[in-house]
Amino acid sequence: MPAFAYLDHNATSPIRPAVLDAMVEALRAGGNPSSVHSAGRAARTRIDVARRQVAMLVGAPPSEIIFTSGGTEANNAALAGTGRRRVLVSAVEHESVLKAVPQADIIPVDRNGVVDLAALERMLAGSPPTLVSVMFANNETGVIQPVAEVVRLAHAAGALVHCDAVQAAGKAPVDFRGLGVDYLSLSAHKLGGPTGVGALVVRAGAPFTSDRKGGGQESNRRAGTENVAGIVGFGAAAKASQDGLDTVALRGRLEAGLRAIAPLATIHGAAVPRLVNTTCISMPGVRAETQVMALDLAGVCVSAGAACSSGKVTRSAVLAAMGVEPAESETAIRISCGWNTVSEDIDCLIAAWKGLYIRVTHSDLSQARAA
Ligand code: PLP
């Protein structure tokens with residue numbers, strides 16, 4: 001058992017023991033999957049097995065899986081590879097989508113963070129050939145998008161659809177064929193696999209070209225010697241997460257516990273379907289960095305809802321798109337459970353959050369009395 005409660009699975013999920021074992025075995029075995037000798041063929045077989053495991057997790061034909069270096073590469077490749085010049089993306093996409101297509105038109109979301117389908121329909125009307133990119137579930141709030149509806153509207157208008165399912169796969173049922181999307185992005189490290197490996201699923205017949213120059217790996221769709229151990233780890237993680245995450249009870253316990261401490265705390269996106277592992281909550285009056293640091297000192301790992309890079313915390317673009325006021329979004333933290341979360345982790349978080357809340361509210365009271 002780790003000495004801390006790790007509740008930041010949406011940042012990265014700890015590697016599963018079965019994944020580690022499979023990767024060590026693949027690393028020991030070595031071999032280049034393009035070699036024709038037995039060592040090469042064994043490596044190729046390992047990749048084929050992993051391809052089937054990943055395909056099974058998301059209901060896709062194995063031949064439509066292209067392994068990549070992660071979710072960022074999958075998103076970039078999809079957005080660049082369709083040949084569609086007009087792109088529509090939702091306002092709450094991950095920055096690996098938003099920054100890949102700075103010229104994109106933005107589909108607004110409502111106060112719950114759900115894409116505005118009427119706005120999408122208007123944007124598609126009379127549009128030239130378009131690509132629509134809407135994520136399956138948001139990384140900060142866990143809010144799940146109506147992807148099947150997006151596909152229906154987009155296909156009716158002759159548009160293609162890309163879906164970033166990086167946060168959803170392994171946590172919620174993702175059905176590539178059932179949804180009817182044309183492109184789907186995945187990442188291994190969000191479901192207990194290694195970092196630096198992911199996949200882009202491309203529907204057979206959907207236009208796709210890669211700008212990578214090199215060998216003919218991945219059926220000429222992604223040049224470069226495959227990351228065999230990483231791909232094997234991804235396959236093992238996909239197999240282990242086949243049953244999805246059953247953290248509904250933990251989330252219920254967590255959210256009830258936090259609301260009992262601070263009844264005025266807002267849980268962002270609480271009114272709509274969310275991933276069962278994610279809670280984005282604002283503690284009234286306490287900045288997110290303060291909460292993250294106080295929880296860290298108490299042995300609990302969570303993250304600030306706002307993006308934090310080089311020590312500078314910026315306002316969350318996701319919460320801003322949902323119309324959350326800056327004062328409230330600056331107090332939002334993200335708590336995300338995963339495959340190894342136990343109820344003691346939740347209790348630890350609740351106790352630490354309560355301690356901080358009492359300290360802050362008491363010091364506010366004493367300041368008010370002194371004034
Ligand atoms: N898309 C979403 C929704 C994410 O949350 C992330 C990572 O946080 C990515 C894409 C990028 O994935 P990767 O870290 O594998 O590049």
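In the predicted model, Thr 266 has Ser 282 of strand 10 as its bridge partner. This pair belongs to the contact between strand 9 (residues 266-267) and strand 10, which run antiparallel and are joined by two bridges. Ser 282 also has a bridge partner in strand 15, namely Ala 332. Strand 10 and strand 15 (residues 332-336) are likewise antiparallel, with five bridges between them.

Strand 10 spans residues 278-282, and five of its five residues are buried, so the strand is largely enclosed by the rest of the structure. In a regular strand, side chains alternate between the two faces of the sheet. Burial applies to both faces of strand 10: Thr 278, Cys 280 and Ser 282 are buried on one side, and Thr 279 and Ile 281 are buried on the other.

A second feature concerns helix packing. Two packed helices are described by the angle between their axes and the distance between the axes. For helix 1 (residues 17-29) and helix 9 (residues 228-240), the axes come within 8 Å and cross at roughly 150 degrees. Because angles over 145 degrees count as roughly antiparallel, helix 1 is roughly antiparallel to helix 9. The crossing of helix 1 past helix 9 is right-handed. On the side of helix 1, the contact is made by Ala 18, Val 19, Ala 22, Met 23, Ala 26 and Leu 27; helix 9 contributes Ala 229, Gly 230, Val 232, Gly 233, Ala 236 and Ala 237. The residues of this contact comprise ten nonpolar, two polar and no charged.

Key. Residues are numbered from 1 along each chain as its sequence is written. This is a predicted model: local features need pLDDT of at least 70, side-chain atom pairs count only at pLDDT 80 or more; totals for chains, interfaces and linings use all residues. Side-chain values use heavy atoms; hydrogens and water are left out. Buried means under 20% relative accessible area, exposed over 50%, partly exposed in between (1.4 Å probe, protein chains only). Helices (H or I, at least four residues) and strands (E, at least two) are DSSP runs, numbered from the N terminus. Two strands pair if DSSP finds at least two bridges between them. Axes are lines fitted to C-alpha atoms, for helices over the stretch in contact, and angles run from 0 to 180 degrees between N-to-C directions. Angles under 35 degrees count as roughly parallel, over 145 as roughly antiparallel, 65 to 115 as roughly perpendicular and the rest as oblique. A crossing is left-handed if the near helix is turned anticlockwise from the far one by less than a right angle, and right-handed if clockwise. Contact means heavy atoms within 4.5 Å. Ala, Val, Leu, Ile, Met, Phe, Trp, Tyr, Cys and Pro count as nonpolar, Asp, Glu, Lys and Arg as charged, and the others, Gly among them, as polar.
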